Amino acid sequence: MKLNCINSILKIFVVAILFLSCSSDLDFDQVNDLKLEPIFIANLAYFDIPANELVADGGTQIVYDSRNFDIFKKQFLRDYLKKVEFDVEIENTIERGFVINMLLLNSKNEILTTISFVVPAYKGSPNVIKYPTEVFENQRLELLKQTQNIGFVALMTSGVPLDENSLGNLKLRSSTTTYFEIEAK
Amino acid sequence: MRAKYLILGLLFQISCFSQNKEVLYNFTSIPQSLLVNPGADVSYKYYFGVPVLSGVSVNLGSSSFSVYDLFADNGIDFNDKVRNIVNKSSRNDKVVTNQQLEVFSGGFRVGGRESRSYVSFGVYQEFDFFMYMPKDMALLALDGNKNYIGKVFHLDDLNVKAEVLSVFHVGFHKKMNDKLVLGGRAKLYSSGANAVSTHNSGYIFTGQQPGTVNLYNQIISSNLELKTSGISRFTKDEYEGNIARDIAHNTFFNGSLGLGVDAGVTYYPKENFQVTASIIDLGFINQSKDIETLTYKGTYQYQGANPDFSGTNDPENVFAEFKKAIPRDTLYNKYTTWRPTKIYASLQYSFGYFRSDNDCNCKEKIKERYRNAAGIQFFGMTAPREPLVAVTAFYKRNIFEKLDLKATYTIDEFSSTNIGLGLSGTIWKLNMYALVNNVLEYKDISKASSAAFQLGINFVFQDSED
């Protein structure tokens with residue numbers, strides 16, 4: 001009798017544990033919906049050229065340099081890139097106007113795209129220009145993914161001659177905003 | 001794809017498992033209560049556990065979200081759920097996972113019928129996992145740094161350790177007199193796989209400082225270290241085997257060895273008043289098999305490309321510079337890990353005399369003379385940042401002579417409504433027990449912040465049954 005009783009209590013207990021424990025409808029396949037869309041901001045390029053390094057007569061002058069810039073070529077970034085934006089800000093306190101060309105170059109040093117920034121000469125008042133955001137999406141983004149080097153051409157337009165005593169600087173500051181889209185394939 | 005599962009895995013860590021066995025503690029009709037207090041007032045002529053079925057325990061829970069929050073089939077976008085969970089979590093949310101499986105266990109009384117000295121022994125397998133919510137890393141993965149200019153992302157949010165081990169143990173406890181029981185247990189640990197990354201520091205920062213040459217001031221200062229034992233060969237390309245089988249083999253036969261002790265005491269200041277205390281897993285493991293330590297230490301300030309129009313040519317490469325500033329180093333030094341040490345204590349008051357159907361068995365067990373017992377328990381466990389603590393109120397009732405019930409109410413970091421229930425019954429010589437906690441949540445287990453169960457079957461032989 002007692003054994004029976006213990007038995008039934010144990011049974012009820014076990015059954016109760018098993019059946020009282022319900023669960024809401026769950027859908028574990030939702031994992032496949034996971035899509036990460038982080039947005040990262042980073043420096044792109046910068047320079048600061050003092051006027052006295054641009055010794056020039058009144059005519060036009062060109063300076064050029066290129067730097068390694070293959071970050072968007074890296075496989076782990078390429079796969080997840082959705083959009084990239086370049087923001088450029090130039091401050092000119094030199095009494096000469098400039099045209100600055102930003103060149104994206106592939107591994108054969110061929111120009112993939114050129115972005116031009118027209119910089120007016122300094123006239124004594126603040127001369128900082130924030131240029132419209134350059135957006136790389138779809139076809140244009142493919143160019144970025146082939147980019148090996150970034151080149152800058154600074155073209156000085158005609159105006160007052162500069163010498164080693166000339167004042168002012170040409171400053172460029174820029175950033176990239178990178179939009180990722182990471183999801184299962 | 002891999003990144004996705006990695007991130008999901010990181011989020012999952014918040015599902016918390018606690019190691020507190022509040023229902024089992026001092027539940028002395030179950031021989032396995034000796035594993036949480038080697039000085040528990042347990043007596044037997046001899047016992048043995050049904051192999052693999054004598055003690056199974058799994059604990060799970062969560063301090064900041066439940067399975068329901070993440071996987072409910074309720075039409076809310078999964079990514080919104082993930083974001084909500086990360087936003088409402090804190091860096092001190094933790095996962096404490098513990099799973100144990102007794103391979104075999106047994107015990108016997110030493111000396112004659114009058115002796116009150118007992119030996120117990122066994123082997124069990126254990127899995128431990130401890131991790132804090134890496135909140136800053138989760139935010140970076142979800143949102144990036146765009147909306148967090150000026151924020152410092154702390155790398156010390158990354159704090160995790162995991163271990164698979166087997167434990168060979170021999171314990172001894174003795175009733176010194178009617179008032180005092182003392183016990184101890186020696187343990188030999190064999191760790192099949194261990195990973196520790198608990199001493200990280202550093203930060204990732206993006207700020208704006210007017211008047212500087214760059215738009216942003218970007219710094220990564222990294223002091224990351226991951227120590228592993230018994231794992232590195234699985235990460236090699238040439239490995240072709242079954243990871244689970246190899247870890248299981250190493251756990252029992254080829255692990256890193258360590259030593260530990262348990263100690264415990266039960267004391268009766270009065271016949272119906274009992275005090276107990278125990279310390280469990282005071283020990284270490286000397287991690288020595290297949291060891292590998294990875295470090296990323298250094299500081300890197302990212303400037304961006306800096307063309308130089310003066311004609312000098314110094315080629316720069318962002319990746320090369322980064323790797324040079326924060327190199328990945330691999331070391332092969334042995335290291336020592338400390339086991340998570342647990343402390344239990346309890347105060348118990350007994351009342352209501354028990355009327356036995358059998359003839360009086362006067363020399364056995366004071367506790368069985370009372371039908372009810374109530375009291376409080378304390379639990380503490382070492383953890384990388386701050387110890388985990390819990391307080392439990394309990395009530396025990398002897399329903400029949402061989403059927404005991406224990407109910408607990410526990411408050412800890414994971415829940416303040418944790419009610420546990422345990423039953424231990426003996427039919428003939430077969431002792432069966434089932435213990436669960438957080439029973440209130442069983443009406444919808446997916447919403448539970450934590451859940452734990454233990455069950456097992458033993459054969460227990462007492463003198464009276466000779």
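The pLDDT is the predictor's confidence in each residue, from 0 to 100. The structure is a predicted model: local features need pLDDT of at least 70, side-chain atom pairs count only at pLDDT 80 or more, and totals for chains, interfaces and linings use all residues. Residues are numbered from 1 along each chain as its sequence is written, while chains are lettered from A and ligands numbered from 1 in the order in which they are written.

Chain A has a mean pLDDT of 82, and 84% of its residues reach 70 or more. Over residues 16-21 of chain A, pLDDT stays under 50. For this stretch the model has six contacts beyond four places in sequence; two residues are in contact if their C-beta atoms, placed from the backbone, lie within 7 Å. Where pLDDT is low, the predicted coordinates should not be read in detail.

Three helices and eleven strands make up the secondary structure of chain A. Helices (H or I, at least four residues) and strands (E, at least two) are DSSP runs, numbered from the N terminus. The order of elements is α-β-β-β-α-β-β-β-β-β-α-β-β-β. Among contacts in chain A with a separation of 6 or more, 87% join residues 24 or more positions apart.

Four strands of chain A form an open sheet, in the order β3-β9-β5-β6, with antiparallel pairing. Two strands pair if DSSP finds at least two bridges between them. The edge strands, β3 (61-68) and β6 of chain A, each pair on one side only. Within the sheet, β5(A) and β9(A) pair over eight bridges. A:M102 has A:F152, in β9(A), as its bridge partner.

Of the 185 residues of chain A, 23% are buried (20 or more other C-beta atoms within 10 Å of their own; exposed means 12 or fewer, partly exposed in between; C-beta atoms are placed from the backbone). A nonpolar core is a set of buried Ala, Val, Leu, Ile, Met, Phe, Trp, Tyr and Cys residues joined through C-beta atoms within 7 Å. The largest has 31 residues, of which A:A45, A:I90, A:F98, A:I100, A:I150 and A:L172 touch the most other members. Strands of chain A that each supply at least two residues of this core include β2 (39-50), β4 (81-92) and β10 (169-180). Beyond four places in sequence, the contacts of A:I100 include A:I90, A:F117 and A:L172.

B:L440 lies in the loop between β20 (430-437) and β21 (450-461) of chain B. B:L440 is exposed because 11 other C-beta atoms lie within 10 Å.
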